[in-house]
Amino acid sequence: MEVILKSDVDHLGLRGEVVNVARGYARNFLLPRGLAEVATPALVKELEKRDAQRARHNAQTVDEARAIAARLEAVELRFDVNAGPTGVLFGSVTATNVADRLWEQEKIRVDRRKLDMETLKRIGRYRVAFEIFTDVVVELKVAVAPEGQELPPEEELLALAEAERAETEAAEAAAAAEHKAAEAEIGAEIVAEEEAAAEEPASETADDDEHEDTDAGRAPVEEPS
């Protein structure tokens, strides 16, 4: 079924896009969480009208694009975020966030789909390539900083990233070891059950042989004449 995204969704699309998803995924995840709404004909028409209005704000000539590029080169977009001790964000900064901030801060309208960026999930300094017009590309400067603080020097940012990587690898190794131990335990239980099952028939056969030997050693009972 077709839905209109109300928020950016990783590996699916950006806010405002019409996407086709499985009905169960829409009803059980996207719609209840407010991440999307059903793409009715009326909503799709309104979306197309809105996109057409935004397109009028885009550069129409190379000269206009170069003028916008000159402005953007002097701009740094700062995002104050909540982050953990290793710099991992409690959330993310997306192409939609960058496009919205450009409009709020500089009154420059950009098509977020033309921002060449992945979702940002760590504090740091980033460069985001943006094609304003054919052959006119500018790199936006984006700073993602802990709320109320300045960004650490680049060396410290690299150290934080390395610490986070080591922490992730340690967690993955611990999970792998736990999984391996669980598999070994299950395997031992299966072997024990198979051995127990193999011993039961042998025991029954021994009992039968014992009864046969006892019967063979008895003297025959004569019938009274």
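**Ala39**

I looked up Ala39 and found it buried, with a relative accessible area of 16%. I use buried for under 20% relative accessible area, exposed for over 50%, and partly exposed for what lies in between, with a 1.4 Å probe and protein chains only. The model is predicted: local features need pLDDT of at least 70, side-chain atom pairs count only at pLDDT 80 or more, and totals for chains, interfaces and linings use all residues. Residues are numbered from 1 along each chain as its sequence is written, and side-chain values use heavy atoms, with hydrogens and water left out.

Ala39 sits in the loop between strand E3 (36-38) and helix H2 (41-55). Helices (H or I, at least four residues) and strands (E, at least two) are DSSP runs, numbered from the N terminus. Which residues does Ala39 touch, leaving aside its neighbours within four places in sequence? I listed Glu2, Val3, Ile4, Val18 and Val44, where contact means heavy atoms within 4.5 Å. I also checked Asn20, which is 19 residues from Ala39 along the chain; their C-alpha atoms are separated by 9.5 Å.

**The chain overall**

I noted five helices and nine strands in the protein chain. From the N terminus on, I read the order as β-β-α-β-α-α-β-β-α-β-β-β-β-α. Of the 225 residues, 27% are buried. For contacts between residues at least 6 apart in sequence, I found that 56% join residues at least 24 apart. The accessible surface comes to about 15,400 Å², and carbon and sulfur atoms hold 50% of that. Accessible areas come from the Shrake-Rupley method with a 1.4 Å probe; for residues, only the protein chains shown count as cover.

**Salt bridges**

Side chains of opposite charge can pair when their charged atoms come close. I took a salt bridge as a side-chain nitrogen of Lys or Arg within 4 Å of a carboxyl oxygen of Asp or Glu. How many salt bridges are there by this rule? The count is five.

One of them joins Arg71 and Glu106, with the closest N and O atoms 3.7 Å apart. Arg71 lies in helix H3 (residues 62-73) and Glu106 in helix H4, so this pair ties together parts that are 35 residues apart in sequence. Arg71 is partly exposed at 44% relative accessibility.

I then looked at Arg101 and Glu104, whose closest N and O atoms are also 3.7 Å apart in a salt bridge. They are three residues apart in helix H4, and so are separated by about one helical turn. Arg101 is partly exposed at 24%, while Glu104 is exposed at 55%.

For Asp80 and Arg78, I noted 2.8 Å between the closest N and O atoms of their salt bridge. Asp80 is partly exposed at 42%, as is Arg78 at 26%. A network of salt bridges links Arg78, Asp80 and Glu150.

**Lys107**

Most residues other than glycine have a negative phi. Is Lys107 buried or exposed? Lys107 is exposed, with a relative accessible area of 54%.

**Helix H5**

My last entry concerns Glu185, which lies in helix H5 (residues 154-217).
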